[in-house]
Amino acid sequence: MPDAKGPGFDYHDTLIIAHAVFASMAALITAPAAILVARYFRSRTWWFKAHIILQIVTVAFTIIFFTISTVAVASGGHGTQFVGPKKDPHHDLGLAIAILLWVEAIFGVAAHYTHTAHAITRGAFPTIKAKKSPLRHLHAWYGIFVAGLLYAGIKTGIDEWNMVADSGTLVPRGIEIAFWVIFALEIAAYVIGWFLEAFRGERKSHMISDHPTDEEKDGTPSI
Ligand code: HEM
Ligand code: HEM
């Protein structure tokens, strides 16, 4: 239960605010931006550079906010709270999200080094129909799953603050509303991106090339 210490934030709460800011930047800005770049701009030469830079920043933010959260929890003299009587879903989910995201980045790098024979695909959803390494398909679907978990991390983090902040304060309503609005807009943008691919895919056939940056090398778009 919160141990209210009057106005202002103590060491623990200040660290958790920093934790929440870095987590929000990763979950609501850099990761979704990287995924939307991959969805909307795959045929542009710069998409891969943008995707990888944004996701490297996401990974860096994850390392920062994860470290800050363990320091904040340890400052209460309890060590970490992943196991034992004080463990709770936000802590366990948070640990899982961090590990899954780091593994996803490794899959992404591995996917980048796979090669796919040139092939023509016709019909809707060339991204799915393309004959490419299973690692690439895995990275894309598993990436959507991780992005979903990141949103869940923010939602459970908001609830966590409301339960354990030393200041006894609640997350302002405006921040909660902003979270849901950003969440809804990003999901809508991503789903629309798939619809656009379906319509465009129906209209023209696609050349599948063997590398995400093939357009730079030989002018064939990547899918
Ligand atoms: C993707 C988003 C997030 C992830 C992956 C995450 C991860 C974590 C982890 C791993 C811990 C536990 C550290 C430990 O037991 O040593 C933790 C604790 C905590 N997080 Fe988050 N977090 C996220 C977002 C947020 C947000 C947005 C807030 C607040 C609005 C928040 C508030 C807290 C609080 C209050 C604690 C507990 C501090 C305590 O028990 O002393 N988190 N988080
Ligand atoms: C930092 C290292 C990363 C690299 C090198 C990388 C690389 C790639 C590559 C090569 C693709 C194209 C796959 C294909 O051919 O279909 C891709 C797509 C994708 N990546 Fe990453 N990625 C990285 C990190 C991440 C992370 C951390 C996430 C999730 C949070 C992620 C989510 C996605 C998603 C969802 C797609 C598919 C988007 C779509 O087409 O709708 N990536 N990435």
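## Contacts of ligand 1

A nitrogen atom of ligand 1 lies 2.8 Å from an N or O atom in the side chain of H90. This is a polar contact (a pair of N or O atoms within 3.5 Å; within protein, one must be able to donate a hydrogen and the other to accept it, and residues adjacent in sequence count only if both atoms are side-chain atoms). The model is predicted: local features need pLDDT of at least 70 and side-chain atom pairs count only at pLDDT 80 or more, while totals for chains, interfaces and linings use all residues. Residues are numbered from 1 along each chain as its sequence is written, chains are lettered from A and ligands numbered from 1 in the order in which they are written, and side-chain values use heavy atoms, with hydrogens and water left out.

The side chain of H91 has an N or O atom 2.8 Å from an oxygen atom of ligand 1. For Q81, a polar backbone atom is 3.0 Å from an oxygen atom of the ligand.

## The shell around ligand 1

Ligand 1 is surrounded by 25 residues, of which H12, H19, Q81, H90 and H91 are the closest; a residue is counted if one of its heavy atoms lies within 4 Å of the ligand. By type, the shell consists of 13 nonpolar residues, eleven polar residues and one charged residue. In this division Ala, Val, Leu, Ile, Met, Phe, Trp, Tyr, Cys and Pro are nonpolar, Asp, Glu, Lys and Arg are charged, and the others, Gly among them, are polar.

Which helices each supply at least two residues of this shell? They are α1 (11–40), α2 (47–74), α3 (89–112) and α5 (134–164). Helix α5 gives the largest share, eight residues. Helices (H or I, at least four residues) and strands (E, at least two) are DSSP runs, numbered from the N terminus.

## The iron atom of ligand 1

The protein donors of the iron atom of ligand 1 are H19 and H90, each through NE2, and they lie 2.0 Å from the metal. Donors are N, O and S atoms within 2.8 Å of the metal (3.2 Å for Na, K and Ca); water is not among the atoms, so sites may look incomplete. H19 belongs to helix α1 and H90 to helix α3, and this pair links distant parts of the chain, 71 residues apart.

Buried means under 20% relative accessible area, exposed over 50%, and partly exposed in between (1.4 Å probe, protein chains only).

## Ligand 2 and its iron atom

Around ligand 2 there are 21 residues, and the closest are R39, R42, H51, H139 and Y190. An oxygen atom of ligand 2 lies 2.4 Å from a polar side-chain atom of R42. For R136, the distance from a polar side-chain atom to an oxygen atom of the ligand is 2.8 Å. The side chain of Q55 has an N or O atom 3.4 Å from a nitrogen atom of ligand 2.

Which residues are the protein donors of the iron atom of ligand 2? They are H51 and H139, whose NE2 atoms lie 1.9 to 2.1 Å from the iron. Because H51 lies in helix α2 and H139 in helix α5, the pair ties together parts that are 88 residues apart in sequence. H51 is buried at 13% relative accessibility, and H139 is buried at 18%.

## Salt bridges

How many salt bridges does the structure hold? There are two; a salt bridge is a side-chain nitrogen of Lys or Arg within 4 Å of a carboxyl oxygen of Asp or Glu. One joins E197 and R39, with the closest N and O atoms 2.7 Å apart. E197 lies in helix α6 (residues 173–203) and R39 in helix α1, so this pair ties together parts that are 158 residues apart in sequence. E197 is buried, with 11% relative accessible area, and R39 is buried at 8%. The side chain of E197 also makes a polar contact of 2.5 Å with the side chain of T127.

The other pair is K155 and D159, whose closest N and O atoms are 3.0 Å apart. Both residues lie in helix α5, four residues apart, about one turn of the helix. K155 is partly exposed at 26% relative accessible area, and D159 is partly exposed at 32%.
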